[in-house]
Amino acid sequence: MTAAVRSKAVALTVDPPSGLLPDGDADWEPAPEQPPLPPVADESPLELRRRIEARLREHRRRLATHHGERALHAAVPGLCDVVHFRHLADGLPTPVEDLGIAGTGIWVKRDDATSSLYGGNKVRKLEYLLAQPARHEAVVVTGGGTASHHVAATVLYARLLGLETEVALFAQPPNPAAARLRSLLRAYDVATTYAASTSAYPLAMIAATIDALRRGRRPWPIYPGGSTPAGILGYVDCGLEIAAAVDAGDCPPPRAVYVALGSGGTAVGLALGLAMGGVETKVRAVRVTDALVNNRTVLAVMEAGTRALLALAGARVGSALETVEIVDGYMGAGYGVQTPESVAALQSAQRLGLPAEQTYTSKALTAALDAAREHPSDAPVLFVDTASGQEPLSR
Ligand SMILES: Cc1ncc(COP(=O)(O)O)c(C=O)c1O
């Protein structure tokens, strides 16, 4: 286990506190999750690293032949002069499909297919967030839960650009993604600080940043979840893609767009992009984490910051905040904790061949299905599938 953090702060620990991770937890039952994943534990960190390096080489080759044009760059040509961008995703624009569930009107924006290396929502944000550290050969410092997709995606895409990462993690209920993230961190010997409690988490981020400085490296902190104005631009782009699909007649105008609400940037970016593209709808952001992390004030700050960035690039965009509605009632006992409904939604997703996971998408899908069933003859709802359809650790 890497123990590069040398901080002795009492709130921090460099080893995972017992019970946080699947190993040794006799009661741990993997959640139904897809696609089915082979175990990663029978492989040494070196073997796993070699395999991932081969995937990275393959992804670099794909990017070399894939055009990296983004709807947002076409809409705001001055943006490239204001915010740096690195082409990381080879699956954009993602398709929009009818889920075809009898008696409901529910469509899906397939953001699980954003990238053949690691899909889902994070890569859209990282195209903007990693461009700057890549110019400075900085050490990317970020964090999240012990099963964080954001952390996994950041480590992988940073590596794609030849960057080192240092991370701070807080405890979340064990699940298969936690085991995979731990394997990934070991494979790349990523310096990891575990926060002994959720309240110590900001300290853990600071400790990781200081550690990079101590090693004589330039730290480049990326806010957990990547929901800063630059990262949010990735989802403005997604909103514009949906608008283009509606314009082209590829999908009907949705009465509401359902998406998981974690750090909030995905929902805020979607609302801005949909408004810029002229789609009149609501973004129903399904809360999966504490209101302390995301609330209307936090969303308002993110939205204002993103509009300011767009204004710097010459695009005057009106507020779209009023189109975002926070949907409560689906989180259950807490972040990452399954509910009977989210387990059922995971099983439905599996039957439909739709990638989903237990922390975010299962809960957002539950809310979208409820809405679609409630008013089946109204205009359809659109579910944004933000889970990765690719698992780079699988063979
Ligand atoms: C699979 C998945 N969906 C949705 C989200 C939520 O996105 P945001 O943090 O932008 O609200 C996350 C965030 O980590 C995620 O991993």
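Tutor: Helices and strands here are DSSP runs, numbered from the N terminus; a helix has at least four residues and a strand at least two. The model is predicted.

Student: Which helix gives the most to the shell around the ligand?
Tutor: Three elements each supply at least two residues of that shell: helix 6 (149-160), strand 8 (256-261) and helix 10 (265-276). The one that gives the most contributes three residues, and that is helix 10.

Student: Of the 19 residues around the ligand, which come nearest?
Tutor: By class, the shell has five nonpolar, 13 polar and one charged residues. Of the 19 residues, those that come nearest are Gly262, Ser263, Thr266, Tyr360 and Thr386.

Student: Are helix 4 and helix 9 roughly parallel or oblique to each other?
Tutor: Helix 4 (residues 122-129) and helix 9 (residues 229-247) pack with their axes 7 Å apart, at an angle of about 130°. Angles over 145 degrees count as roughly antiparallel and 65 to 115 as roughly perpendicular, with those under 35 roughly parallel and the rest oblique. Helix 4 and helix 9 are therefore oblique.

Student: How many charged residues are in the contact of helix 4 with helix 9?
Tutor: Helix 4 brings Arg124, Lys125, Glu127, Tyr128 and Leu129, while helix 9 brings Ala230, Gly231, Leu233, Gly234, Tyr235, Asp237 and Cys238. These divide into six nonpolar, two polar and, for the charged class, four.

Student: Is helix 12 roughly parallel or roughly perpendicular to helix 13?
Tutor: Helix 12 (residues 340-352) and helix 13 (residues 361-374) have axes 8 Å apart and an angle of about 85° between them. That makes helix 12, relative to helix 13, roughly perpendicular.

Student: How many nonpolar residues does the contact of helix 12 with helix 13 have?
Tutor: The contact is made by Glu341, Ser342, Ala345, Leu346 and Ala349 of helix 12, together with Ser362, Lys363, Leu365, Thr366 and Leu369 of helix 13. By class, three are polar and two charged, and the nonpolar residues number five.

Student: Over residues 17-37, how many contacts beyond four places in sequence does the model have?
Tutor: The chain averages a pLDDT of 89, and 90% of the residues score at least 70. Over residues 1-11 the pLDDT is below 50, and this stretch has 28 contacts beyond near neighbours in sequence. Over residues 17-37 the pLDDT stays under 50 as well, and the count of contacts beyond four places in sequence is 42.

Conventions. Residues are numbered from 1 along each chain as its sequence is written. This is a predicted model: local features need pLDDT of at least 70, side-chain atom pairs count only at pLDDT 80 or more; totals for chains, interfaces and linings use all residues. A residue is near a molecule or strand if its C-beta atom, placed from the backbone, lies within 6 Å of it. Ala, Val, Leu, Ile, Met, Phe, Trp, Tyr, Cys and Pro count as nonpolar, Asp, Glu, Lys and Arg as charged, and the others, Gly among them, as polar. pLDDT is the predictor's confidence in each residue, from 0 to 100. Two residues are in contact if their C-beta atoms, placed from the backbone, lie within 7 Å. Axes are lines fitted to C-alpha atoms, for helices over the stretch in contact, and angles run from 0 to 180 degrees between N-to-C directions.
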